[in-house]
Amino acid sequence: RRLILATRNANKVIELRAILAGAGLDLELVGADAYPEIPDVKETGTSFAENALLKAVTLARATGLPAIADDSGLCVDVLGGAPGIFSARWAGRHGDDKANLDLLLAQLSDIDDEHRAAHFACAAALALPDGRERVVEGRLEGTLRHEPAGTGGFGYDPILQPNGETRTCAELTPEEKNAISHRGKAFRALVPVVRELLG
Ligand code: ITT
Ligand code: NA
């Protein structure tokens with residue numbers, strides 16, 4: 001049986017495959033790229049959960065298959081939670097990770113180390129063609145560096161140092177990141193829900 005990964009972000013696909021590989025789900029995970037005729041989902045929600053559900057529900061309806069989706073981002077305390085759901089297009093162009101990160105660092109240049117708390121958030125949604133839907137969330141708390149460090153991961157990973165770590169997310173191995181990340185937590189929490197609803 002097939003389960004659609006309702007994302008066009010290649011870095012998310014890599015992480016989701018690794019996170020779900022250990023779950024023992026007897027499902028074939030198929031990326032949204034296998035359905036190029038389905039238009040991009042407009043993320044019109046006002047929360048990570050709403051946007052994740054929009055993506056999962058749209059793909060489940062369009063394919064007739066169960067779908068899971070990820071909506072995620074970086075929430076900076078001193079910015080009142082921004083970039084938040086706008087993380088992927090903070091500097092204007094959707095998915096321009098370097099421009100997004102550079103702009104955020106510039107916006108925080110005057111903020112001292114005591115006031116650089118931030119967290120990654122991830123909403124993991126499951127939608128079935130019959131209309132059933134569920135969503136769970138995960139977080140990774142940390143502080144923001146003044147300069148990027150590391151080459152792993154994607155997005156804002158080079159500037160987020162998880163609490164209790166001396167390295168940024170981009171300096172962790174993929175296994176280390178997935179073990180503590182917002183995405184790892186959210187999707188490990190979604191696994192029993194997938195089992196319950198898909199049998
Ligand atoms: P899909 O909607 O197709 O899944 P997307 O890239 O548009 O792909 P989002 O709207 O959820 O996905 O935006 C996620 C953004 O949040 C991403 O571009 C990064 O800037 C940031 N982000 C999410 N998870 C991250 C992580 O694990 N490490 C670093 N940055 C992350
Ligand atoms: Na989004």
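**Reading the labels**

Guide: Start at the ligand: β3 (67-76) and α3 (97-107) each supply at least two residues of the shell around ligand 1. Keep in mind that this is a predicted model.

Visitor: How many residues surround ligand 1, and which are the closest?

Guide: The shell holds 25 residues, and Thr7, Asn9, Ser87, Ala88 and Gly155 are the closest. A residue belongs to the shell if its C-beta atom, placed from the backbone, lies within 6 Å of the ligand.

Visitor: Which element gives the largest share of the shell around ligand 1?

Guide: Strand β3 does, with 5 residues. By residue class, the shell divides into 10 polar, 9 charged and 6 nonpolar.

Visitor: Why is Asp71 called buried?

Guide: The cut-off for buried is 20 or more other C-beta atoms within 10 Å. Asp71 has 31 such neighbours, so Asp71 counts as buried. Asp71 sits in strand β3. Leaving out residues up to four places away in sequence, Asp71 touches Phe48, Asn51, Ala52, Lys55 and Ala123.

Visitor: What does UniProt list for Asp71?

Guide: The unreviewed UniProt entry lists Asp71 under "active site". UniProt, again in an unreviewed entry, also lists Asp71 under "binding site". Such annotations may be inferred rather than shown by experiment.

Visitor: What makes β3 a mostly covered strand?

Guide: The count is 10 of its 10 residues buried. Ala67, Ala69, Asp71, Gly73 and Cys75 point one way from β3, while Ile68, Asp70, Ser72, Leu74 and Val76 point the other way, and all are buried.

Visitor: How do you know that β3 and β4 pair, and in which sense?

Guide: Pairing requires at least two bridges between the strands. β3 and β4 have 10 bridges and pair in the antiparallel sense. Within this pairing, Ser72 stands opposite Cys122 in β4.

Visitor: In which sense do β1 and β3 pair, and over how many bridges?

Guide: They pair in the parallel sense over 2 bridges. Ile4 has Ala67 as its bridge partner in β3, and Leu5 stands opposite Ile68 in β3.

Visitor: What joins β1 to β2?

Guide: Strand β1 (residues 2-5) and strand β2 (residues 28-31) run parallel and are joined by 4 bridges. Leu3 has Leu29 as its bridge partner in β2. Between the two strands the chain passes through helix α1 (residues 10-21), and this β-α-β crossover is right-handed.

Visitor: Why is that label used for a crossover?

Guide: With the strands pointing away from the viewer, a crossover is right-handed if the path from the first strand over the helix to the second runs clockwise.

Visitor: Why does Val78 count as partly exposed?

Guide: That class lies between the exposed limit of 12 or fewer neighbours and the buried limit of 20 or more. Val78 has 15 C-beta neighbours inside 10 Å and therefore counts as partly exposed. Val78 is in the loop between β3 and α3. Val78 touches Ile111 and His115, not counting residues up to four places away in sequence.

Visitor: What is the geometry of the peptide bond from Ala82 to Pro83?

Guide: That bond is cis, with omega near -5°. Pro83 is found in the loop between β3 and α3. As a background rule, most peptide bonds are trans.

Visitor: What do β4 and β5 form?

Guide: They form a hairpin with 5 residues between the strands, and Gly131 in the turn has a positive phi of about 100°. Strands β4 (residues 117-127) and β5 (residues 133-144) run antiparallel and are joined by 11 bridges. Leu126 has Arg134 as its bridge partner in β5.

Visitor: How many bridges join β5 to β6?

Guide: There are 3, and β5 and β6 (residues 160-162) run antiparallel. Thr143 has Gln161 as its bridge partner in β6.

Visitor: Is Thr151 buried or exposed, and why?

Guide: Exposed means 12 or fewer neighbours. Thr151 has 9 C-beta neighbours inside 10 Å, so Thr151 counts as exposed. Thr151 lies in the loop between β5 and β6. The C-alpha atoms of Thr151 and Ala170 are separated by 5.4 Å, although these residues are 19 residues apart along the chain.

Methods:
Residues numbered from 1 in each chain as written. Chains lettered and ligands numbered in written order. Predicted model: local features only at pLDDT ≥ 70, side-chain atom pairs only at ≥ 80, totals over all residues. Nonpolar A, V, L, I, M, F, W, Y, C, P; charged D, E, K, R; others polar. Contact = placed C-beta atoms within 7 Å.
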